[in-house]
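Start with the sequence and the structure below.

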Amino acid sequence: MNKIWLILQREFITRVKKKSFLIMTILGPLLFGAIMIVPIWLATQGEDVKHVLVLDKTGVWNFQDYKNEQLGIKPDTSNNIITSTLPPNLAIEDAKEMLMKDDSYYALLYIPKSGNDTPDLQYSLNLSKLYGRKDISLGVQSHLERKLEKSASEMVLLDAGVSFAEIESSKINVDINTISMESGDEKASATPIKMAVGYIAGFAIYLFIFLYGAQVMRGILEEKTSRIVEVMISSVKPFELMMGKILGICSVALLQIVIWVSLSAVISMFVGNMFFEDGFSPDAVAQIEAGGQEVSNAQEAFIAFQSVDFALIIPAFVFFFLGGYLLYASFFAAIGSAADSETDTQQFMLPITIPLVVAIMVATKVIDDPEGPLAFWFSIIPLTSPIVMMVRLPFIGLTPDLFISMAALIAFFIFSVWIASRVYRVGILMYGKKVSYKEIIKWIRYKG
């Protein structure tokens, strides 16, 4: 055990002193802060106004303006799109020339007349074309399509004898408030926040397993190819060397995570104070919950964020990170010992990476149905449980599923270390031979 500790210290000190560690330790929270700040900052910035020419041969485009004028409704100008309606008798080629000659125009919407003897509005709209000076944004296209669809539908109703007032009064907006009664009290549902917390936690474990597991593999491979390992094996047992390296890199990962979480928490508080002033103070939150003031979207999100059980999620994250990392790091260590170069490791990487990739793919389904059988089994199977259980945890809380998953992960980790150690003890001293899966199975079964 003392030798494992010495190897752990060596790995920890060597890696912490590297410039890459210092850079990533500082860069990680800054990137997290940017992820928070940039979308909020962008939301406060006005979009560029886009000027669209409209050549309408049917009259459908101006129908909304006419209806709004009749009912005294102000037109919606919040979309940052300005339209100019061209004379209907203008030729399409002349309209195209106007678009290309003036840089202030963004696009040209052309709505032709139906080619049939009887006007067919649906046919005309299907022939509509949107010409752009360059590629047209999806936002502009969607806005124009929605306005045309709305105008066409209301024109059909008007032709059927429905009045403007009846059309307007028939519109009903529905906004359902979701309430959770899980804890016995009625509270606003925090599903979007739980989805975000669960997926971020699961993806972080996925990322860390790959990042630090690959470091274990490369470190072992470097020592093997440089023959340093031959000197080290003379002083320590192969198992001690393998575990010392795995635990040393694990301690580096934990240190980096602690620093990231601490700095990210400080940045989060700074962002909240910078953009929302007193909206997140305890007094303001109390007033919101009591119904004493209007609730903004950001404040609703903050209240929902508070409802997440971080006292459970943070320790669980540490456990599943450690369990997942140690499980996969043992496999990465076995690969590093069996290969002669990084190119040779590729043939053994696929069986290891598939469960991790599958876990990330399943995570989207788990978010939709965290109580379903798919979510349950993938959160129990040790190869996928570190990721999938973290995605489920914000929804299910402290349940027997969590303890079953933990027990299965611990048991499989012990088994994986036993397998890896048997591969490591043979492979670490083998050079110049292409190793196959069949040969690795022989190493595992070897009783020497």
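**Overall picture**

The model is predicted. The protein has 448 residues, and 40% of them count as buried. Its secondary structure comes to 18 helices and 6 strands.

**Helix α13 and its partner α17**

Helix α13 covers residues 310-338.

Helix α17 runs over residues 400-427. The axes of α13 and α17 come within 8 Å and cross at roughly 20 degrees. Angles under 35 degrees count as roughly parallel, so α13 is roughly parallel to α17. The crossing is left-handed. The residues in this contact divide into 19 nonpolar, 7 polar and no charged.

S416 lies in α17. Is S416 buried or exposed? S416 is buried, because its relative accessibility is 1%, and the cut-off for buried is under 20%. Leaving out residues up to four places away in sequence, S416 touches L327, S330 and F331.

**Helix α15 and its partner α16**

Helix α15 takes in residues 373-380, and α16 takes in residues 385-396. Their axes lie 7 Å apart, and the helices pack at an angle of about 135 degrees. That angle makes α15 and α16 oblique to each other. Their crossing is left-handed. On the α15 side, the contact uses A375, F376, F378, S379 and I380. On the α16 side, it uses S385, V388, M389 and R392. By type, these residues are 6 nonpolar, 2 polar and 1 charged. An α-helix has 3.6 residues a turn, so residues three or four places apart point the same way.

T384 is found in the loop between α15 and α16. T384 counts as buried, because its relative accessibility is 5%. Beyond its neighbours up to four places away in sequence, T384 touches P355, A359 and F378. F378 also belongs to the contact of α15 with α16.

I387 lies in α16. Its relative accessibility is 1%, so I387 counts as buried. Which residues does I387 contact, leaving aside neighbours within four places in sequence? They are G202, I205, Y206, L356, A359 and I360. A359 is touched by T384 as well. I387 and F321 are 66 residues apart in sequence, yet their C-alpha atoms are 8.6 Å apart in space.

| Residue | Location | Relative accessibility |
|---|---|---|
| I387 | helix α16 | 1% |
| S416 | helix α17 | 1% |
| T384 | loop between α15 and α16 | 5% |

Technical notes
Residues are numbered from 1 along each chain as its sequence is written. This is a predicted model: local features need pLDDT of at least 70, side-chain atom pairs count only at pLDDT 80 or more; totals for chains, interfaces and linings use all residues. Side-chain values use heavy atoms; hydrogens and water are left out. Helices (H or I, at least four residues) and strands (E, at least two) are DSSP runs, numbered from the N terminus. Buried means under 20% relative accessible area, exposed over 50%, partly exposed in between (1.4 Å probe, protein chains only). Contact means heavy atoms within 4.5 Å. Axes are lines fitted to C-alpha atoms, for helices over the stretch in contact, and angles run from 0 to 180 degrees between N-to-C directions. Angles under 35 degrees count as roughly parallel, over 145 as roughly antiparallel, 65 to 115 as roughly perpendicular and the rest as oblique. A crossing is left-handed if the near helix is turned anticlockwise from the far one by less than a right angle, and right-handed if clockwise. Ala, Val, Leu, Ile, Met, Phe, Trp, Tyr, Cys and Pro count as nonpolar, Asp, Glu, Lys and Arg as charged, and the others, Gly among them, as polar.
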